[in-house]
Amino acid sequence: MKLRAITCEQCSAPLEVPTKATSAKCGYCNSLLQLNQPQSQSLKSSEIDSSSLDTIRLQNELERLDREWMMKRESFMIKGKNGEMSIPDTTMLVASGFGIVFAGFWTLFTLFVFPPFALFGGFMIFMIITQTAKAKKKMEQYKVAHSQYRRKRQEILSQLHQDDPPGIDNYLQELTFN
């Protein structure tokens, strides 16, 4: 069976269809294409526009980058006490500071009232500091990874000659992870 190369009118995806076919369905965007139109609507394989192929390659690269970022972003998340997931931010560090101050006062108070409880206060301070250090490290790693993702995304968009449309970051901010 002989095939001919055409380009989808909706998404510019390259397609191969039988030469005698009068219609085809695009495998990328599911558009129904009428093939009995003049030759200018369909391209022979030797006439495929390389800029169209480059555009498709860049769009695919952009989608791959967004998918990879979604998966990588989850590795930076911290699970809350009710199971909700969130990216560590400075709010957590401030809350940890209040926790340390409270644990410090509690430890000092128990030193005078019942000294063995002061050990628990010291342990509580140690745990808060440890968790704060982990959250701070994840927050810094997230910022570095996010700026790398944004830079790569902007490079692809500039090659596509597009402004930065509302991307995956806006979508991810609207999600709630449970």
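Which residues in helix 1 meet which residues in helix 3? The close-up views below take up this contact, a pocket and a salt bridge. This is a predicted model, in which local features need pLDDT of at least 70, side-chain atom pairs count only at pLDDT 80 or more, and totals for chains, interfaces and linings use all residues. Residues are numbered from 1 along each chain as its sequence is written, and side-chain values use heavy atoms, with hydrogens and water left out.

**View 1. Contact of helix 1 with helix 3.** Leu58, Glu61, Leu62, Leu65, Asp66, Trp69, Lys72 and Arg73 in helix 1 meet Tyr142, Ala145, His146, Tyr149, Lys152, Arg153, Ile156, Leu157 and Gln159 in helix 3, contact meaning heavy atoms within 4.5 Å. These residues divide into 9 nonpolar, 2 polar and 6 charged (Ala, Val, Leu, Ile, Met, Phe, Trp, Tyr, Cys and Pro count as nonpolar, Asp, Glu, Lys and Arg as charged, and the others, Gly among them, as polar).

**View 2. Lining of the largest pocket.** Of the 17 lining residues, those closest to the pocket centre are Ile78, Met92, Ser96, Gln131 and Ala135 (a pocket is an open set of points on a 1 Å grid over the protein atoms alone where a 1.4 Å probe fits, with protein on both sides within 12 Å along at least five of seven lines, and lining residues have an atom within 4 Å of a point). Strand 5 (78-79), helix 2 (90-113) and helix 3 each give two or more residues to the lining, and helix 3 supplies the largest share, 6 residues (helices are DSSP runs of H or I with at least four residues, strands runs of E with at least two, numbered from the N terminus). The lining divides into 5 nonpolar, 7 polar and 5 charged residues.

**View 3. Salt bridge of Glu61 and Arg57.** The side chains of Glu61 and Arg57 meet at 3.3 Å, N to O, where a salt bridge requires a side-chain nitrogen of Lys or Arg within 4 Å of a carboxyl oxygen of Asp or Glu. Because Glu61 and Arg57 are 4 residues apart in helix 1, about one helical turn separates them. The structure holds 5 salt bridges.
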